[in-house]
Each structure stands twice: as structure tokens, then as C-alpha cells.
Amino acid sequence: MTTTPTEGETRSFSRTFTAEDVASFADLSGDRGSHHVEEEEPIVHGLLTATLPTKIGGDMDFVARTMSFEFRRPVYVGEEITCETTVESVTTRPERHEMVVSFSCTNESDTVVLAGNIDGVIFQESAED
């Protein structure tokens with residue numbers, strides 16, 4: 001059973017992307033830009049970095065409808081990135097919670113590398129289930 005989210009609720013998750021992660025994402029996405037696969041210090045794909053807020057959303061069974069990303073700084077292989085999400089608003093309806101969530105991803109120097117907003121829903125289980 002999903003708990004009702006509350007405005008101001010925060011969650012965080014940290015991850016360090018590896019060269020293998022970047023290589024796998026390059027294979028999956030087809031994005032083999034030289035800055036991802038040929039550099040001595042590879043840059044992590046922006047959309048791979050964007051899996052951090054989606055991981056937190058997945059933990060909540062949050063289904064995104066729209067996502068806005070601002071890629072502020074490159075992320076390099078080996079950097080630990082921490083993503084913090086904040087529930088900005090919740091509208092509860094009989095069958096779902098409609099939410100707006102903001103997020104900010106920072107590197108080890110506490111520099112924001114990715115920020116944005118996600119609008120979506122958490123579906124509630126019916127009383128009959």
C-alpha cells in the first residue's frame with residue numbers, strides 16, 4: 001500500500017557512475033559521443049544522470065507525466081552524485097495523488113549538476129483490492 005505523500009517531504013539517493021555504466025548506457029541509447037566513450041575522463045550521459053530522480057520516483061510508485069531537466073554541469077565517471085527530491089504540491093483525488101516534485105542533483109563539491117521538476121501521479125489502490 002502506498003502512503004500518502006506530503007508537501008515538503010524530501011527523499012535522497014546517491015550513486016557513483018562507473019565507466020561500465022556509461023558504456024552500457026551508450027550501447028542502450030546509441031549515444032556514442034566521443035565525450036562519453038573516448039575521453040580519458042568520460043562525461044556521464046545527461047539522461048543517465050537523470051535516472052537518479054526517476055529511481056526515487058520509482059520507489060514511490062510515482063508515474064511521471066512531464067519532466068523538466070536543466071543540465072547545469074557535466075558529471076564525470078567516478079563522481080558521487082546525490083539527488084534530493086522535494087514534494088512541492090499534492091492534490092489527492094479518489095483514485096490518485098497528483099504531485100509536483102522538484103529535484104536537485106549535486107556532485108561531491110556540492111555543485112548542482114542537474115535540476116528540474118516532475119509532474120505525475122501515484123495511483124491509489126481501490127478499497128476493493
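Is K55 buried, partly exposed or exposed? K55 is partly exposed, because its relative accessible area is 33% (buried means under 20% relative accessible area, exposed over 50%, partly exposed in between, with a 1.4 Å probe and protein chains only). This is a predicted model: local features need pLDDT of at least 70, side-chain atom pairs count only at pLDDT 80 or more, and totals for chains, interfaces and linings use all residues. Residues are numbered from 1 along each chain as its sequence is written, and side-chain values use heavy atoms, with hydrogens and water left out.

- Five strands form an open sheet in the order 1-3-4-5-2, with antiparallel pairing.
- The edge strands are strand 1 (10-16) and strand 2 (63-71), and each pairs on one side only.
- From one strand to the next, the twist averages 20 degrees.
- Strands (E, at least two residues) and helices (H or I, at least four) are DSSP runs, numbered from the N terminus.
- Two strands pair if DSSP finds at least two bridges between them.
- Strand 3 (residues 80-92) and strand 4 (residues 96-106) are joined in the antiparallel sense by 10 bridges.
- T86 has S102 of strand 4 as its bridge partner.

**Helix 4**

- Helix 4 (residues 51-59) lies across strand 1, strand 2, strand 3, strand 4 and strand 5 (112-123).
- Helix 4 runs at about 130 degrees to strand 1 (axes are lines fitted to C-alpha atoms, for helices over the stretch in contact, and angles run from 0 to 180 degrees between N-to-C directions).
- K55 belongs to helix 4.
- Which residues of helix 4 are buried? They are L52, P53, I56 and G57.
- An α-helix has 3.6 residues a turn, so residues three or four places apart point the same way.
- The buried residues of helix 4 pack against strand 1, helix 3 (46-49), strand 3, strand 4 and strand 5 (contact means heavy atoms within 4.5 Å).
- D61 follows helix 4 and has a positive phi, near 60 degrees.

**Two residues of strand 4**

- S102 lies in strand 4 and counts as buried, at 16% relative accessibility.
- The side chains of S102 and E88 make a polar contact of 2.5 Å.
- A polar contact is a pair of N or O atoms within 3.5 Å; within protein, one must be able to donate a hydrogen and the other to accept it, and residues adjacent in sequence count only if both atoms are side-chain atoms.
- Leaving out residues up to four places away in sequence, S102 touches E84, T85, T86, E88, G116 and N117.
- H97 is also in strand 4 and is buried, at 1% relative accessibility.
- A polar contact of 3.1 Å links the side chains of H97 and T92.

**Cysteines**

- How many disulfides are found in the whole structure? The search finds 0 (a disulfide is a pair of cysteine sulfur atoms within 2.5 Å).
- The closest cysteine sulfur to that of C83 is in C105, 3.4 Å away, too far for a bond.
- C83 is buried, at 0% relative accessibility, and C105 is buried at 0%.
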